[in-house]
Amino acid sequence: MRPGPGARLGQYAALLAYLVFLAFPLLWLLSTAFKSPRELGSPHPTWIPRDPTLANFRQAFAEQPLLHAAFNSLLAALGAAVIAVLLATPLAYVMARRRSALSRAASGWVVVSQAFPFVLLIIPLFLVLKNLRLIDSVSGLVMVYVVWALPFALWMLAGYVRSVPPDLEEAAAVDGAGRMRTLVSVTAPLLAPGIAATALFAFVTAWNEFFFALVLLKTPENQTLPVVLTHFIGAEGAADLGPLAAAAFLATLPSLVVFAVIQRRITGDMLAGAVKS
């Protein structure tokens, strides 16, 4: 039965309230970024700045190396996303198609690994990176982000692999395609939405990550954007709110752009897969 006008109106109202709830932090951050210091200190805050200014953005770039930090974050996030997807795709295929004790153990490890607090992992990771001489380097941070994202990527892609009919792979094998050729030419295109979603998760997670970057990166030239944002907070905890809001707003833009681009890819592939030929 189709919902009545009242039920449909309630659904739209709930959806609108949810969208407002999600958009509120970003809109308030944008409003704060354009406010003058006098307006920021006003006891009566307003949504729309009375006297919009770009001084906060100029001050943010003048005080901190935001572009260089953003470049480091981009390298770490892209590296983690690409490596995690390249490793997780064949491993997830084996986990989903090979029903054995080893695959069940791997699936159990994926679930259990998500229960460990990050603080328990930092010491062994630090020791491993120290032995590899990768402390205070973006390359070492990429390795940490790959290890962090790989369990979830495996779990996510294994579910997509199980949704691909085995009959397609059997037909490719009858035509003479090997296992790797089948994975690359038959299964991987059907996994495009899952691969895109996994890459998006790995990228956004690495882009926003703060704890590992704070512990592993000491040289200012190697620090990522989340770590540099903390420099707008003084020793006594007093934040330079205007420049901090401006820098934080700029830091959110790459995630939004990547999500918009990959979201079209996910939607397009899902619609293409829904068309019956």
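Predicted model: local features only at pLDDT ≥ 70, side-chain atom pairs only at ≥ 80, totals over all residues.
Biologist: Which side chains meet in the salt bridge?

Modeller: Those of Glu-39 and Arg-50, at 3.9 Å from N to O. Glu-39 sits in helix α2 (residues 37-40) and Arg-50 in the loop between α2 and α3 (55-63), so the pair links parts of the chain eleven residues apart, where helices (H or I, at least four residues) and strands (E, at least two) are DSSP runs numbered from the N terminus.

Biologist: And Glu-39, buried or exposed?

Modeller: Glu-39 counts as buried because its relative accessibility is 8%, whereas Arg-50 is exposed at 57%; buried means under 20% relative accessible area, exposed over 50%, and partly exposed in between, with a 1.4 Å probe and protein chains only.

Biologist: Changing topic, how many helices and strands are there?

Modeller: The protein chain has 13 helices and zero strands, and buried residues make up 36% of its 277 residues.

Biologist: Where is the kink in α4?

Modeller: A kink of about 30° lies at Ala-88, shortly before the proline Pro-90, the bend being the angle between axes fitted to the seven residues ending there and the seven starting there.

Biologist: What span should α4 have, and how far apart are its ends?

Modeller: Helix α4 (residues 66-97) has 32 residues and should span 46 Å at 1.5 Å a residue, which agrees with the 45 Å between its end C-alpha atoms; the expected span is 1.5 Å times one less than the number of residues.

Biologist: What about Leu-125, where does that residue lie?

Modeller: Leu-125 lies in helix α6 (residues 118-131) and is buried, with a relative accessible area of 19%. The C-alpha atoms of Leu-125 and Phe-212 are separated by 9.5 Å, although these residues are 87 apart along the chain.

Key: Residues numbered from 1 in each chain as written. Heavy atoms only, no water. Salt bridge = Lys/Arg side-chain N within 4 Å of Asp/Glu carboxyl O.
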